[in-house]
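Let us walk through this structure one step at a time. Keep the 3D view open and find each residue as it is named.

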2 protein chains.
Amino acid sequence: MLPEKSLAWGQSKSCIRELAAYGTARKAEIGKDKVFDFSIGNPSVPAPDCVAEAISALLKEDSLELHGYTPASGRMSFRTAIAEDLNRRYQAGVSADMIYVTCGAAAGLSSCTHGLLLPGEEAVTFAPFFPEYTVFTEAAGGKLVSVLPAEGLQPDMAAFAAALNEKTKLVIINTPNNPSGVVLSAESLQSIGDILRRAEEKYGHTIYLVSDEPYRELVYDGVQAPCVMHFYDDTIICYSFSKSLSLPGERVGYLAVSSRMAEKEKVFASIAGAARSCGYVNAPSMMQRVIEKCLGQTADISQYKQSRDLLYGGLTALGFDCVKPDGAFYLFMKTPEPDAKAFSERAKKFELLLVPSDDFGLPGYVRIAYCVSPEMIQRSMPAFKLLAEEYGL
Amino acid sequence: MLPEKSLAWGQSKSCIRELAAYGTARKAEIGKDKVFDFSIGNPSVPAPDCVAEAISALLKEDSLELHGYTPASGRMSFRTAIAEDLNRRYQAGVSADMIYVTCGAAAGLSSCTHGLLLPGEEAVTFAPFFPEYTVFTEAAGGKLVSVLPAEGLQPDMAAFAAALNEKTKLVIINTPNNPSGVVLSAESLQSIGDILRRAEEKYGHTIYLVSDEPYRELVYDGVQAPCVMHFYDDTIICYSFSKSLSLPGERVGYLAVSSRMAEKEKVFASIAGAARSCGYVNAPSMMQRVIEKCLGQTADISQYKQSRDLLYGGLTALGFDCVKPDGAFYLFMKTPEPDAKAFSERAKKFELLLVPSDDFGLPGYVRIAYCVSPEMIQRSMPAFKLLAEEYGL
């Protein structure tokens with residue numbers, strides 16, 4: 001007998017990965033330029049030059065130091081640089097010893113669920129949400145509770161307050177959001193903080209706010225993603241350099257525990273212990289040094305805004321009902337028929353690969369990843385037009 | 001309330017890491033050359049040139065592909081190359097689709113315990129053993145059962161057979177062994193296989209043999225570490241390139257499921273699901289390509305044999321009782337007083353940093369990591385002489 005959940009997680013196909021695999025096969029069949037693949041969130045702008053420059057420079061150094069173990073929580077100089085960067089940009093007030101360098105945001109999130117949840121406790125999140133939240137929560141013996149959104153996919157604060165109970169231990173937010181591109185405003189974060197403080201008092205225990213923010217720098221039209229730590233003391237930030245530096249495969253990110261959290265040392269230790277028990281030894285050593293040299297820089301993310309404008313403008317002109325994304329590189333579009341999977345299937349007829357929203361906890365949408373060239377978006381518009389006509393838009 | 005175990009794992013100091021930290025501080029105090037630091041298993045020979053050459057060559061390629069996500073189980077070309085390498089060197093008969101590229105052997109081991117153990121089930125291992133086996137087993141809700149060794153730290157087969165029961169789901173072996181350097185012979189592996197087949201029949205369920213072998217290539221005097229898959233069908237190999245290529249901080253290894261395992265696809269899926277639930281997305285992407293280009297090569301590991309000979313020869317001449325290591329880069333030495341911690345403390349007086357064996361599940365020894373320069377071993381001998389004299393050897 002094998003563990004039921006592990007087996008299910010290993011056997012279940014991610015609907016994103018499945019569509020991406022279909023795309024790869026289809027491109028081989030009819031040509032790369034004929035398929036409009038909006039399935040996967042792989043950055044489309046190259047890593048900034050500082051990455052290759054830093055790697056070249058480091059290759060001249062001692063290989064034992066370069067490729068050797070680092071402390072489990074990361075190189076101290078890197079942790080210090082991360083804390084300084086957060087404090088300079090956001091006055092976050094974090095200290096280097098509360099930074100833990102992780103193998104990407106996923107490792108940070110999993111370490112939080114394993115290090116904070118007791119069996120039977122609940123994590124609350126806002127739909128639509130990244131599907132792995134369910135896996136990380138259940139792996140730790142907890143249960144993910146999802147709160148449906150209000151108008152414009154903004155958080156429904158009344159529903160959120162109602163979802164909290166004596167079992168709530170964690171709240172996971174994702175801003176800018178994958179799959180919707182919604183960025184939580186300062187007002188929303190203030191409300192979330194107020195509601196959580198009241199719940200902590202009512203239920204007599206700490207509720208941790210885990211902020212998953214790999215898309216932090218990908219915001220448009222002057223929108224900013226405010227620093228969550230300003231609104232709530234029991235906050236942990238999970239970050240990844242995957243999107244800002246276009247290094248998703250290299251698996252380097254960090255988590256930062258707020259300096260204003262009452263039991264921050266114990267919380268940090270418990271998360272570190274959970275990471276250890278999952279088999280994390282340290283985040284890749286050379287890349288820690290590379291990214292330390294590139295801190296504060298980003299890939300040329302301005303292209304994503306151009307793609308967003310083209311896609312949003314084009315789709316709304318065709319009559320599709322879209323949520324305008326303020327950040328990340330996903331557009332969430334209402335499907336003209338209630339069954340998102342059926343719509344996604346029909347879109348394939350026009351070589352459009354759009355991810356149905358069911359796995360994101362909110363039916364009736366597709367996620368369109370616009371981390372593709374603006375040129376491809378322009379070429380895809382006739383296909384979207386045919387799709388719109390199928391539905392009489 | 002935080003999860004008790006995670007908190008304990010985060011708060012407990014590894015006695016290896018603690019001694020290494022003491023060493024770093026002591027070196028800063030009295031000078032690097034004055035401290036004989038045998039605490040930690042960081043390779044002392046640089047990565048082979050092929051590593052830097054491969055990195056330089058890859059920097060000329062498309063950065064999006066180079067640093068992009070790979071499939072969770074690794075790049076198919078890398079998995080294929082790993083399978084071919086195992087089949088060429090060991091006639092292992094493994095197929096590429098049963099190779100899962102991991103973030104080092106630790107990630108592979110943790111994925112095995114999480115993906116195979118049900119709560120309350122047992123994993124059996126041979127003392128002395130790597131301390132993280134306890135953590136990975138308990139994190140999965142299981143219990144680690146340790147079998148004390150026979151003469152020369154060889155496995156005690158009668159004690160092993162007696163340790164198996166209806167709760168036994170896993171057996172973890174480590175060959176060449178950390179901390180003892182013992183390499184399991186073909187005869188020992190045959191006995192282990194025979195005992196396990198009988199136990200499978202008796203208890204009516206599969207018992208998985210997990211072979212942790214990051215030191216596979218570090219063997220001396222013509223000794224070979226036989227391929228475990230030849231002796232037992234329900235075998236999973238966990239490997240890391242940390243030691244053979246001197247890349248411990250880069251976190252790349254793999255696990256390989258035997259082609260002769262009856263339910264290999266399900267087992268592979270369950271392990272993959274466990275890796276996913278721990279937050280593993282993929283092993284670092286660029287390093288997968290680098291190592292694919294270096295497969296079959298090793299760092300200049302011949303230096304370890306020289307260090308072993310110097311150390312073993314020197315210590316036995318002084319009257320210490322040592323197990324001659326056939327592999328890895330550790331020497332396990334009996335302490336002349338029963339309390340290994342007290343002995344390790346006394347060794348510090350002579351600036352000798354030796355890890356007490358208690359955490360390895362076998363009291364009364366110290367582990368001496370000889371992944372240091374032969375020159376340092378020579379310089380350390382007068383200190384060992386003084387230590388021997390303290391005990392009247």
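Start where the two chains meet. About 5,400 Å² is buried between chain B and chain A, and carbon and sulfur atoms give 59% of that area. In chain B, the residues that lose the most area to chain A are B:H67, B:Y69 and B:R276. Together they make up 14% of what that side buries. Bear in mind that this is a predicted model.

How many residues does each chain bring to the contact? Chain B gives 71 residues, and chain A gives 71 residues.

Two salt bridges are counted between chain B and chain A. In one salt bridge, the side chain of B:R276 meets the side chain of A:E132, with 2.8 Å from N to O.

The largest share comes from α10(B), with nine residues.

A rotation of 180° superposes chain B on chain A, with 0.0 Å of shift along the axis and an RMSD of 0.0 Å. That is why the relation is one of a two-fold axis. Where does chain B come closest to this axis? The residue is B:C278, whose C-alpha lies 2.9 Å from the rotation axis. Both copies use the same surface for the contact: 100% of the contact residues of chain B recur in chain A.

Now move from the pair to single residues. Take A:S111 in chain A. It lies in helix α6, residues 104–116. Is A:S111 buried or exposed? Its relative accessible area is 3%, under the 20% cut-off, so A:S111 counts as buried. A polar atom of its side chain lies 2.7 Å from the backbone oxygen of A:A107. Setting aside residues up to four places away in sequence, A:S111 touches A:I271, A:A274 and A:A275.

Go on to A:Y203. This residue is found in helix α9 of chain A, residues 186–203. Its relative accessibility is 25%, so A:Y203 counts as partly exposed. Beyond its neighbours within four places in sequence, A:Y203 is in contact with A:L164, A:N165 and A:E166. For a sense of scale, look across to A:E375. A:Y203 and A:E375 are 172 residues apart in sequence, and their C-alpha atoms are 53 Å apart in space.

Finish in chain B with B:A328. This residue sits in the loop between β9 (322–323) and β10 (330–334). At 0% relative accessibility, B:A328 counts as buried. What surrounds B:A328, leaving aside its neighbours within four places in sequence? Its contacts are B:P176, B:N177, B:G181, B:Y215, B:L218, B:Y220 and B:Y370. B:A83 is 245 residues from B:A328 along the chain, and their C-alpha atoms are separated by 23 Å.

Methods. Residues numbered from 1 in each chain as written. Chains lettered and ligands numbered in written order. Predicted model: local features only at pLDDT ≥ 70, side-chain atom pairs only at ≥ 80, totals over all residues. Heavy atoms only, no water. Contact = heavy atoms within 4.5 Å. Buried area = accessible area lost by both parts, 1.4 Å probe. Salt bridge = Lys/Arg side-chain N within 4 Å of Asp/Glu carboxyl O. Helix = DSSP H or I, 4+ residues; strand = E, 2+ residues; numbered from the N terminus. Least-squares fit on C-alpha atoms with pLDDT ≥ 70 in both. Buried < 20%, exposed > 50% of the residue type's maximum accessible area, 1.4 Å probe, protein only. Polar contact = N/O pair within 3.5 Å; in protein donor to acceptor, adjacent residues only side chain to side chain.
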